[in-house]
Amino acid sequence: MIHEILQVGNPILRQVAKEVTEEEISSQKIQDYILSMKETMYAAPGVGLAAPQIGIPLQIIVIEDREEYMSSMLPKIREERGRRPVPFHVIINPKLIYVSNEKSIFFEGCLSVQGYSRITPRATHVKVKCLDEKGNNKLIDASGWYARILQHEIDHLMGSLYIDKSDKKTEIVLDDENKKKWLNATAQEINCYFNLK
Ligand code: ZN
């Protein structure tokens, strides 16, 4: 079932989501939640969705980044942002581990902050310990854009949004003109434009 995505201002987005027990994971209720999250993410469309965004205060995330979402980006820009397709997967009870202090910047948006985007710094390399939808332990090693998606979605489970860790002065309206303008911008061009370094 496709759900409405809660928007900033809704208190559920600001709660710390509860961990899911191993017994709960196999329940029909949780499996139905996962299916609804997958359908809602595809319909949006988005590259990730956290359960609180559809009003479920549990530590569940779905992620998928498709080739079609990045096909209009230049190869050098994909390379710089580390944007590569990521198959669909489910993340439950994640623990984020920062592998290095290196950070990268780019515009980030959120399905719960519709119509806007801001430059948001994120660690370029992280690991995530979690369970999958069958309750199996997983260790994810992620870099580039996938690392950004993971940090963004795990923040949702902690009641945090990207607007908490980005500079309001870099906010843009996500209209067609801006999407086109920044789609293939290098990090250096963005830094210069917003006078970040
Ligand atoms: Zn989001």
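How much of the chain's accessible surface belongs to carbon and sulfur atoms? In this predicted model, the accessible surface comes to about 10,300 Å², and 52% of that belongs to carbon and sulfur atoms.

Let's look at the overall build. You can pick out seven helices and eight strands in the chain. The radius of gyration is 16 Å, close to the 16 Å that the globule rule gives for 197 residues, so the chain is as compact as a globular protein of that length. Here are some whole-chain values in one place:

| Feature of the chain | Value |
|---|---|
| Span of the C-alpha trace along its principal axes | about 50 × 30 × 30 Å |
| Share of the 197 residues that are buried | 47% |
| Share of contacts (separation of 6 or more) between residues 24 or more positions apart | 70% |

What about charge? The chain carries 26 positive and 27 negative side chains, and the centres of these two sets lie 4 Å apart.

Now for the metal. A zinc ion is held by three donors: SG of Cys-110, NE2 of His-152 and NE2 of His-156, at 2.1 to 2.3 Å. Along the chain, the zinc donors follow the spacing C-x41-H-x3-H.

Why are His-152 and His-156 separated by about one helical turn? Both sit in helix α5, which covers residues 144–157, and they are separated by about one turn because they are four residues apart in that helix.

Definitions and conventions
Residues numbered from 1 in each chain as written. Predicted model: local features only at pLDDT ≥ 70, side-chain atom pairs only at ≥ 80, totals over all residues. Heavy atoms only, no water. Donors = N, O, S within 2.8 Å, 3.2 Å for Na, K, Ca; no water. Helix = DSSP H or I, 4+ residues; strand = E, 2+ residues; numbered from the N terminus. Rg over C-alpha atoms; globule rule 2.2 N^0.38 Å. Buried < 20%, exposed > 50% of the residue type's maximum accessible area, 1.4 Å probe, protein only. Contact = heavy atoms within 4.5 Å. Areas by Shrake-Rupley, 256 points an atom, 1.4 Å probe, with all protein chains shown as cover. Lys, Arg positive; Asp, Glu negative; His and termini not counted. Charge placed at Lys NZ, Arg CZ, Asp CG, Glu CD.
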